[in-house]
Every structure is written in C-alpha cells, then in structure tokens.
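I open this notebook to record what I looked up, entry by entry. The coordinates come first, and my notes follow.

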Amino acid sequence: MAYHRKHGVPSSIARIFNTYGPRMKLDDGRVVPTLLSQALRDAPMTVFGSGAQTRSFCYVSDMVEGLYRLLLSDEHYPVNLGNPREMTILEFANEIRKITGARSEIVFEPLPEDDPKQRRPDIAKARRLLGWEPRVSLEEGLQPTVEYFRSAQPARV
C-alpha cells in the first residue's frame with residue numbers, strides 16, 4: 001500500500017481464506033491435508049477442542065479466479081476471497097471420512113490457545129466489485145483433492 005500511495009505502483013490486496021485442492025503439501029500442517037492424510041491411512045483423525053470451531057473452504061480454481069479478477073480491477077484496498085459456506089471442524093472431519101470411505105476414529109486433542117473460533121469471510125465486496133463468488137461446492141472440490149492425495153500417499157507396508 002505504501003508503494004501504491006507514494007509511487008503509484010499498481011497494487012491489489014487479497015485476504016485469502018482457507019483454500020484447498022490437488023497438489024497441497026501432504027505435511028503442511030493445515031486441516032485439509034492433515035485430515036485427508038489421516039483418513040486415507042485409516043489413522044485416527046485429529047480434531048482439536050470439541051470441533052465446534054468453524055472454517056470455510058474455497059477450492060483452488062475459485063480462488064485463482066478471484067485473484068485474477070482482483071488483479072484486473074482498480075481496487076487497491078483489501079478484498080476478502082474465500083468461501084462463505086461455514087462448517088465446524090467436526091462436520092468437516094466427518095465429510096472427509098464419508099468421501100474417503102475411511103474407518104478412522106475421530107480423536108479429540110486440546111484446542112490450541114490461539115485457534116480462531118470462527119473463520120467465515122464476508123465476500124460482499126468481492127461480489128460487488130469483482131462479480132466473484134465461489135462456484136465449486138465442497139463435495140465437488142474434495143473429489144479431485146482426495147484423488148490427488150491417494151496418489152501422493154506413501155505406499156503402505
């Protein structure tokens with residue numbers, strides 16, 4: 001923003017919320033790869049706290065479209081990009097179990113102190129300025145993501 005103000009450098013600021021899809025790193029520590037990796041190994045699936053904290057998940061192709069539209073816009077102030085469909089982490093873990101066919105049990109661990117209780121982007125500005133909103137449902141986006149994770153998982157011994 002400083003370069004934009006002082007030197008007139010074109011800039012865009014995207015506030016990116018949870019994004020998922022194929023080619024995520026298997027061990028990056030985020031909830032999508034962690035739960036998918038655990039489910040595909042039929043390992044216990046870790047949920048922190050009661051699992052009541054919420055998140056929203058935006059498929060990568062939707063995010064790329066939002067970023068592209070923002071890049072082409074004249075907007076220089078922050079724009080939230082993400083999926084406003086909110087669900088609890090426990091609901092998400094159960095969706096992962098269902099879509100993978102996993103027999104994993106869900107285990108609960110203490111909630112980290114800094115874990116946000118709610119993550120749901122307000123994308124009204126993106127809708128208004130960019131004509132953008134996510135199109136890919138969680139169920140649609142999880143299919144190719146699960147396929148990728150299946151192919152990327154180390155072979156079981």
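How many helices and strands are there in the chain? I counted six helices and eight strands. I note at the outset that I am working from a predicted model.

**Entry 1. Overall layout.** I read the order of elements along the sequence as α-β-β-α-β-β-β-α-β-β-α-β-α-α. For the extent of the chain, I find that the C-alpha atoms fill a box of roughly 55 × 35 × 25 Å along the principal axes. I then looked up burial: the chain has 157 residues, and 41% of them count as buried. The accessible surface comes to about 9200 Å², and carbon and sulfur atoms account for 51% of that area. For contacts between residues at least 6 apart in sequence, I record that 87% join residues at least 24 apart.

**Entry 2. Charges.** I find 22 positive and 20 negative side chains in the chain, with the centres of the two sets 3 Å apart. Side chains of opposite charge can pair when their charged atoms come close. I took up several of them in turn.

**Entry 3. Asp-42 and Arg-103.** Which parts of the chain does this pair tie together? The side chains of Asp-42 and Arg-103 meet in a salt bridge at 3.1 Å, N to O. Asp-42 lies in the loop between α2 (31-40) and β3 (45-48), while Arg-103 lies in the loop between α4 (89-100) and β8 (106-109), so the pair ties together parts that are 61 residues apart in sequence. I note that Asp-42 is partly exposed, at 27% relative accessible area, whereas Arg-103 is exposed, at 69%.

**Entry 4. Lys-98 and Glu-95.** I record a salt bridge between the side chains of Lys-98 and Glu-95, at 3.6 Å from N to O. Both residues belong to helix α4, where they are three residues apart and thus separated by about one helical turn.

Entry 5. Asp-28 forms a salt bridge with Arg-30, and I find the closest N and O atoms 2.6 Å apart. Both partners are partly exposed: Asp-28 has 28% relative accessibility, and Arg-30 has a relative accessible area of 43%. I also note a network of salt bridges that links Arg-127, Glu-133 and Arg-135.

**Entry 6. A nonpolar surface patch.** Which residues form a nonpolar patch on the surface? I find Tyr-68, Leu-71 and Leu-72 there, with about 360 Å² of accessible area together. I placed Leu-71 in helix α3 (residues 60-72). Leu-71 is exposed because its relative accessible area is 59%, and the cut-off for that class is over 50%.

**Entry 7. Gly-141.** I located Gly-141 in helix α6 (residues 138-152). Is Gly-141 buried or exposed? Gly-141 is buried, with a relative accessible area of 0%. Leaving out residues up to four places away in sequence, I find that Gly-141 touches Tyr-20, Tyr-59 and Val-136. I also looked up its separation from Gly-29, which is 112 residues away along the chain: the two C-alpha atoms are separated by 20 Å.

Methods. Residues numbered from 1 in each chain as written. Predicted model: local features only at pLDDT ≥ 70, side-chain atom pairs only at ≥ 80, totals over all residues. Heavy atoms only, no water. Patch = residues over 30% accessible without salt bridge, like charges linked within 9 Å, V, L, I, M, F, W, Y side chains within 5 Å. Areas by Shrake-Rupley, 256 points an atom, 1.4 Å probe, with all protein chains shown as cover. Salt bridge = Lys/Arg side-chain N within 4 Å of Asp/Glu carboxyl O. Helix = DSSP H or I, 4+ residues; strand = E, 2+ residues; numbered from the N terminus. Buried < 20%, exposed > 50% of the residue type's maximum accessible area, 1.4 Å probe, protein only. Contact = heavy atoms within 4.5 Å. Lys, Arg positive; Asp, Glu negative; His and termini not counted. Charge placed at Lys NZ, Arg CZ, Asp CG, Glu CD.
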